[in-house]
Amino acid sequence: IFCGMHKIAPPSAFKLNPVNPRKITAEQLSRLKRSLQELPQMLELRPVVVDNDHSMTVLGGNMRVLAARELGIAELPYVTADNLTDEQKQRFIIADNVSFGEWEQEMLTAYWDVDQLVDWGVDIPQAADNAAVDYRNDYAPEYKVVVECVDEAHQQRVYNQLQEQGEKCKPMIL
C-alpha cells in the first residue's frame with residue numbers, strides 16, 4: 001500500500017532496532033505521544049525508515065513506532081533503505097539521531113512560548129530557581145557583514161580600513 005511516496009504498515013509490523021543508540025525517558029515518550037496526537041501529519045512528513053520490506057527493521061523512527069504502538073495508531077508511513085550499503089545504513093542510524101545544530105535560544109524564546117517549547121521536547125536552559133530562562137526581554141537582533149578576502153594581506157587591508165572608519169570588527173580565518 002502506498003501513501004503518497006510512502007508505503008504504510010501497522011506499527012506491529014516494524015521491528016525495533018535492537019542496536020538503536022538512542023534512549024527515551026518516560027517523560028520524553030509522553031511528550032512524543034502528545035505531539036503525535038496533536039500533529040498526526042508529522043508521521044507522514046517524517047516517515048519511518050526501515051532496512052527493507054522483508055525485515056522491517058527500523059533504521060530511523062524507533063521512538064515514533066513505539067509511541068504509535070502505545071497510542072494504538074493503525075498505520076505508519078515508511079520508506080525503505082534498500083539502496084544503502086551496510087556501512088551507509090550504520091551511518092544513517094547515527095546521523096538520523098544526531099543534532100547537527102544548536103537551538104538559537106534567544107530566537108526560540110522570543111517567538112515561541114517557553115512552556116510550549118519544553119512540552120514539545122526542546123531543552124531550554126534553566127535559571128538558578130529551576131525556571132526556564134526567558135530571553136524575550138533581552139533579545140536584540142545582531143547585524144553583521146562578512147567580507148570575503150582573497151588572502152591574508154587583503155584581509156589586513158580591509159580590517160585596517162574599517163578600523164580607521166571607526167567600525168567595530170575582528171579578523172577571522174574560517
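This is a predicted model: local features need pLDDT of at least 70, side-chain atom pairs count only at pLDDT 80 or more; totals for chains, interfaces and linings use all residues.
Leu76 illustrates the packing: leaving aside residues up to four places away in sequence, Leu76 touches Lys7, Ile8, Ala9, Pro11, Phe14, Leu43, Val48, Val65 and Ala68.

Helices α1 and α3 pack against each other with their axes 9 Å apart and at an angle of about 70°, which makes α1 roughly perpendicular to α3. On the α1 side the contact involves Leu29, Leu32, Lys33, Leu36 and Gln37, which meet Met63, Arg64, Leu66, Ala67, Ala68, Glu70 and Leu71 of α3. By residue type, this contact of α1 with α3 consists of 8 nonpolar, 1 polar and 3 charged residues.

The charged residues Glu70 and Lys33 also form a salt bridge, with their closest N and O atoms 2.8 Å apart. Because Glu70 belongs to helix α3 and Lys33 to helix α1, the pair ties together parts that are 37 residues apart in sequence. Both side chains belong to partly exposed residues, with relative accessible areas of 46% for Glu70 and 21% for Lys33.

In total, the structure holds 4 salt bridges. Another of them joins the side chains of Arg31 and Glu27, at an N to O distance of 3.0 Å. These two residues lie 4 residues apart in helix α1 and are therefore separated by about one helical turn. Arg31 counts as buried, at 13% relative accessibility, whereas Glu27, at 55%, counts as exposed.

A further salt bridge is formed by the side chains of Lys89 and Asp51 (2.5 Å, N to O). This pair links distant parts of the chain, 38 residues apart, with Lys89 in helix α4 (residues 86-95) and Asp51 in the loop between β3 and β4 (58-60). Lys89 and Asp51 are both buried.

Val146 is located in the loop between α6 (114-119) and α7 (152-164). With a relative accessibility of 71%, Val146 counts as exposed, because it lies above the 50% cut-off. Its C-alpha atom is 10.0 Å from that of Cys169, a residue 23 positions away along the chain.

Methods: Residues are numbered from 1 along each chain as its sequence is written. Side-chain values use heavy atoms; hydrogens and water are left out. Contact means heavy atoms within 4.5 Å. Axes are lines fitted to C-alpha atoms, for helices over the stretch in contact, and angles run from 0 to 180 degrees between N-to-C directions. Angles under 35 degrees count as roughly parallel, over 145 as roughly antiparallel, 65 to 115 as roughly perpendicular and the rest as oblique. Ala, Val, Leu, Ile, Met, Phe, Trp, Tyr, Cys and Pro count as nonpolar, Asp, Glu, Lys and Arg as charged, and the others, Gly among them, as polar. Buried means under 20% relative accessible area, exposed over 50%, partly exposed in between (1.4 Å probe, protein chains only).
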